[in-house]
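Hi,

Here is the structure I said I'd pass on. Have a look at it first, and my notes follow below.

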Amino acid sequence: MCEGGFNQSYDMLDINKIREDFPILGDTVYNRPLVYLDNAATTQKPRQVVECISQCYYHRNANVHRGVHYLSQEATEAHEQARESVRSFINARSTSEIVFTRGTTESINLVASSFGETLKEGDEVIVSQMEHHSDIVPWQLLASRRGIRLKVWKFDADGVLHVDDLKALLSDRVRLVAVAQASNTLGTVNPIKEIATVVHGAGALLLVDGAQSVPHFPVDVRDLDCDFLAFSGHKIYGPTGIGVLYGKEQVLERMPPYQGGGEMIDHVTFEKTTFNVLPYKFEAGTPDFIGSAALKAALDYVSALGIENVAAYESQLVDYMIGCLAEIPQIRIFGPRQRIGVASFLVGEIHPYDLGTILDHLGIAVRTGHHCAQPTMDAFKVDGMVRASVAVYNTKEEIDTLIESIMRAMRMFH
Ligand SMILES: *Cc1c(COP(=O)(O)O)cnc(C)c1O
């Protein structure tokens, strides 16, 4: 419907066939076909993942690592195969470097708590201004607990971070820099490899929030050379409640345990307790072994499509979306032209909540509000934005419906 190059002959992926794997995409809301464009908040699940969960509960349910019985061994093996799938998906050196958590938020809290214990008063941590609250608040809590200083790496008017600005903030007091590989609000993709070189040059560690990168383009932790990478299963077609912390082995080795309990110990007496080896040292209690198996099913699903193909298709979809949105009069699109999967915008004086409500009644699911990134909103001096975010199952036609619906909403406000 709008100008803009969408390569109709693109045939690396059969999107209609992919859509059949996601039953929810055939549903209606308010008697209209659902157009799900809130993928940066969570993605829908393919049958392969949901069926894995029910099969695990029906036929493979036993606690891992403890029993000698058949089912327990089978469950343990599935859990460890899932760890291997994660390792291979992000190209980590060893499964010792893959810790299962509840999600990105818990992964970052783990580092803030555990690595945080090695910090002393006067040490500094740098976070970028475009971070999600889950990559800001744990560092603030740590700062007030241990008397360390939090410094903010600001972005420019286009929502782009400049490495020179980071260099100006670095000093020998800085122990860690935390930055998203891709912003959930602006779609900015940050040059992690270059950032890692600069951060390591200053003797600090680099934590990467991969919640919006791992699902959308190939991420290779060895190539990036980051010290930590966090991501969530539910944003990559997997289940809620499971996520991953990657940490370099030599870094994790030096960190104290995060939580205490079963599984993370080697030997317990009341005099002295010794801890298990990596990664179990950081996994107290019964792990979500059903979630890990389902996460593996999700990663297998993406790998079968090819993450490069997913990235190429989504990039085309986002280009088309940004191009179409830009033609709408009085629209403000936040973030750089070159971006991944999300478009945050405001139209004229229409309140984002009002626009979101109208779009909802037209069957379109978008996010409205601060997107868990209030400092980003503050930087642009707005209270909220409307955000449309894509996944591999979205289509050009759905983007057209979004644009038509925004135009319709605008007519209602005039
Ligand atoms: C969603 C998101 C998080 C938080 O993930 P949870 O799954 O809620 O723990 C952190 N950072 C970014 C960039 C996100 O998009």
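There's an open sheet of seven strands, in the order 4-10-9-8-7-5-6 and with mixed pairing. (Strands, E of at least two residues, and helices, H or I of at least four, are DSSP runs numbered from the N terminus; two strands pair if DSSP finds at least two bridges between them.) Strand 4 (98-101) and strand 6 (149-153) are the edges, each pairing on one side only.

A word on the source: this is a predicted model, so local features need pLDDT of at least 70 and side-chain atom pairs count only at pLDDT 80 or more, while totals for chains, interfaces and linings use all residues. Residues are numbered from 1 along each chain as its sequence is written, and side-chain values use heavy atoms, with hydrogens and water left out.

Back in the sheet, strand 7 (residues 174-180) runs parallel to its partner, strand 8 (residues 205-209), over five bridges, and V177 sits opposite L206 of strand 8.

Now the ligand. Around it are T104, T105, H132, S134, N184, D209, A211, Q212, S232, H234 and K235, each with a heavy atom within 4 Å of it. By class, that shell has one nonpolar, eight polar and two charged residues (Ala, Val, Leu, Ile, Met, Phe, Trp, Tyr, Cys and Pro count as nonpolar, Asp, Glu, Lys and Arg as charged, the others, Gly among them, as polar).

For polar contacts (N or O pairs within 3.5 Å), ligand oxygen atoms lie 2.5 Å from a polar side-chain atom of T105, 2.7 Å from one of H234 and 2.8 Å from a side-chain N or O of K235.

Cheers

Technical notes. Polar contact = N/O pair within 3.5 Å; in protein donor to acceptor, adjacent residues only side chain to side chain.
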